[in-house]
Amino acid sequence: SEPFDLALESGQELLGARLAYETWGELNADKSNAILVLHALTGDSHLIGDAGNGHATAGWWNGLVGEGKPLDTGDYFVITPNVLGGCQGSTGPSSLDRNGREYGPSFPQITIRDQAEAFLRLADQLGIKTFFAIIGGSMAGMHALEIAIEHPERLDRLAILAAPPYSTADQIALNTVQLEAIRSDSNFEAGWYYDAKPGFGPHKGLAL
């Protein structure tokens with residue numbers, strides 16, 4: 001995307017943010033055939049296609065998107081952005097700040113609402129006022145629900161798969177365990193592992 005500034009729910013401001021995204025199909029003249037497909041926590045913008053440069057794995061919805069498939073790219077313009085704060089091209093902790101250093105742990109706290117707002121900034125840049133549909137599962141379902149609640153005029157249809165309206169106490173506790181597995185890796189370096197040699201990082205914690 002083109003860079004944009006975003007006022008975050010925390011009160012901070014993220015300057016010059018960008019979203020990586022991929023598209024399939026053609027946007028029609030009145031831009032009414034766009035479907036926004038959002039990805040879950042471990043996904044990215046590579047919705048369909050083979051593995052390749054920048055994408056170590058094949059698309060995660062190859063069976064559902066394409067000519068003659070449920071999300072028919074002969075009829076619809078399908079777009080999948082990588083979330084704000086993601087590590088697959090969108091602005092996140094591995095991006096360079098205005099001092100030319102990776103944000104690392106200084107990257108501002110962002111929320112589901114912030115990420116949903118970033119998706120709409122991308123839509124604005126593409127001239128899409130209203131999506132034919134927004135689809136999301138798991139974390140992406142929370143994004144889709146957030147857009148539907150806060151900006152119902154931006155979509156005609158909503159599909160949510162396996163997603164809650166909020167995180168419960170047990171879900172937060174489990175996420176905390178996952179975070180601590182990464183933080184406890186001796187190579188985590190309080191989040192400043194970008195300063196170390198290439199390939200260095202909390203890989204054991206991530207694997208765990």
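This is a predicted model: local features need pLDDT of at least 70, side-chain atom pairs count only at pLDDT 80 or more; totals for chains, interfaces and linings use all residues.
Helix α1 covers residues 112–126 and helix α2 covers residues 139–150. Their axes come within 9 Å of one another and cross at roughly 70°. Angles of 65 to 115 degrees count as roughly perpendicular, and α1 and α2 are therefore described as roughly perpendicular to each other.

Which residues make this contact? On the α1 side they are I112, R113, Q115, A116, F119 and L120. These meet M139, M142, H143, E146, I147 and E150 of α2. By residue class, the contact of α1 with α2 comprises seven nonpolar, two polar and three charged residues.

I turn now to the aromatic rings. The count of aromatic pairs comes to five. One of them joins F188 and Y193, with 6.0 Å centre to centre and 45° between the planes, a tilted arrangement. Ring pairs also bring Y194 into a cluster with F188 and Y193. As for Y193, is this residue buried, partly exposed or exposed? Buried means under 20% relative accessible area, and exposed means over 50%. Y193 has 21% relative accessibility and therefore counts as partly exposed.

Finally, I draw your attention to two arginines placed over aromatic rings. R101 lies over the face of W192, at 4.0 Å from the ring centre. R157 is positioned over the face of F132, and here the distance from the ring centre is 3.9 Å.

Methods: Residues are numbered from 1 along each chain as its sequence is written. Side-chain values use heavy atoms; hydrogens and water are left out. Axes are lines fitted to C-alpha atoms, for helices over the stretch in contact, and angles run from 0 to 180 degrees between N-to-C directions. Helices (H or I, at least four residues) and strands (E, at least two) are DSSP runs, numbered from the N terminus. Angles under 35 degrees count as roughly parallel, over 145 as roughly antiparallel, 65 to 115 as roughly perpendicular and the rest as oblique. Contact means heavy atoms within 4.5 Å. Ala, Val, Leu, Ile, Met, Phe, Trp, Tyr, Cys and Pro count as nonpolar, Asp, Glu, Lys and Arg as charged, and the others, Gly among them, as polar. Rings of Phe, Tyr and Trp (its six-membered ring) pair if their centres lie within 6.5 Å; planes under 30 degrees apart count as stacked, over 60 as edge-to-face and the rest as tilted. Buried means under 20% relative accessible area, exposed over 50%, partly exposed in between (1.4 Å probe, protein chains only). A charge sits over a ring if NZ of Lys or CZ of Arg is within 6 Å of the ring centre and within 35 degrees of the ring normal.
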